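Please have the structure open beside you as you read.

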Amino acid sequence: MRKSAMITGALALAVSGGLAMAPSATAATACPSGAVCIRETDGSILSKNIFYSYGAHNLSNVTGYRVIVNSQTGGAGFQVCFAYNGGNCSGVARDTGEYAPYDMTPINSVVLVR
C-alpha cells in the first residue's frame, strides 16, 4: 500500500476527506527540519505556522486549502484538530513530506506527537 493511501485512510477516520501526501512543490518555501509547517496558498510559510514543540498549537486565521509539511525526525507525527488546544483530532500522520492541500477552515489546532 502506498504511503499516501495509508495516511489518507488513517486520517479519514476522524477528518472528512483525510490528508494525503502531495508531490513536492519545488518553488515553495522549505519547512525546517524538525518542524511541522502549514504553507500559505502562495507556497510561503509564515513563522507563526512553524511548529517545533510536541503538544497542541492553536491556529489563527488559517483558512482555505493549505499544504501541511511534516519535517519532524524520528517518526514523530502530527494531528489536525477541530477544537482548540488539541481537541477532537484526526489520527496521527507520521510520514514525512508534504500532504495534499486540505481545507483548514474547520481546523483550530495542530498537535505534534512523538
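Predicted model: local features only at pLDDT ≥ 70, side-chain atom pairs only at ≥ 80, totals over all residues.

1. Asn 61 has a relative accessible area of 67%, so it counts as exposed, the cut-off being over 50%. You will find Asn 61 in the loop that links β3 (55-58) with β4 (65-66). Setting aside neighbours within four places in sequence, Asn 61 is in contact with Lys 48 and Arg 66. The C-alpha atoms of Asn 61 and Asn 108 lie 9.2 Å apart, although 47 residues separate the two in sequence.

2. Arg 39 is worth a look next. This residue sits in strand β1 and, with a relative accessibility of 6%, is buried, because buried means under 20%. What does the side chain of Arg 39 make a polar contact with? The partner is the side chain of Glu 98, at 2.7 Å. A polar atom of the Arg 39 side chain also lies 3.2 Å from the backbone oxygen of Gly 43. Beyond four places in sequence, the contacts of Arg 39 include Ala 28, Thr 29, Ser 44, Arg 66, Val 69 and Glu 98.

3. Now to the sheet. Four antiparallel strands make up an open sheet, ordered β2-β1-β5-β8. Strand β5 (residues 68-70) runs antiparallel to β8 and is joined to it by two bridges.

4. On to the nonpolar cores. The largest has 15 residues, and those touching the most other members are Ile 38, Leu 59, Ile 68, Phe 78, Met 104 and Val 110. Two or more residues of this core come from each of β1 (36-39), β6 (77-83) and β10 (109-113). Another core, of six residues, lies apart from it and has Cys 31, Ala 35, Cys 37 and Ile 45 among its members.

5. Last, the aromatic rings. The count is one aromatic pair. How are the rings of Phe 78 and Tyr 99 placed? Their centres are 5.2 Å apart and their planes stand at 90°, so the pair is edge-to-face. Phe 78 belongs to strand β6 and Tyr 99 to the loop between β8 and β9 (102-103), so the pair ties together parts 21 residues apart in sequence. Both Phe 78 and Tyr 99 are buried.

Key. Residues numbered from 1 in each chain as written. Heavy atoms only, no water. Buried < 20%, exposed > 50% of the residue type's maximum accessible area, 1.4 Å probe, protein only. Contact = heavy atoms within 4.5 Å. Pairing = 2+ DSSP bridges. Core = buried A, V, L, I, M, F, W, Y, C linked by side-chain atoms within 4.5 Å. Phe/Tyr/Trp six-rings, centres within 6.5 Å; stacked < 30°, edge-to-face > 60°. Polar contact = N/O pair within 3.5 Å; in protein donor to acceptor, adjacent residues only side chain to side chain.
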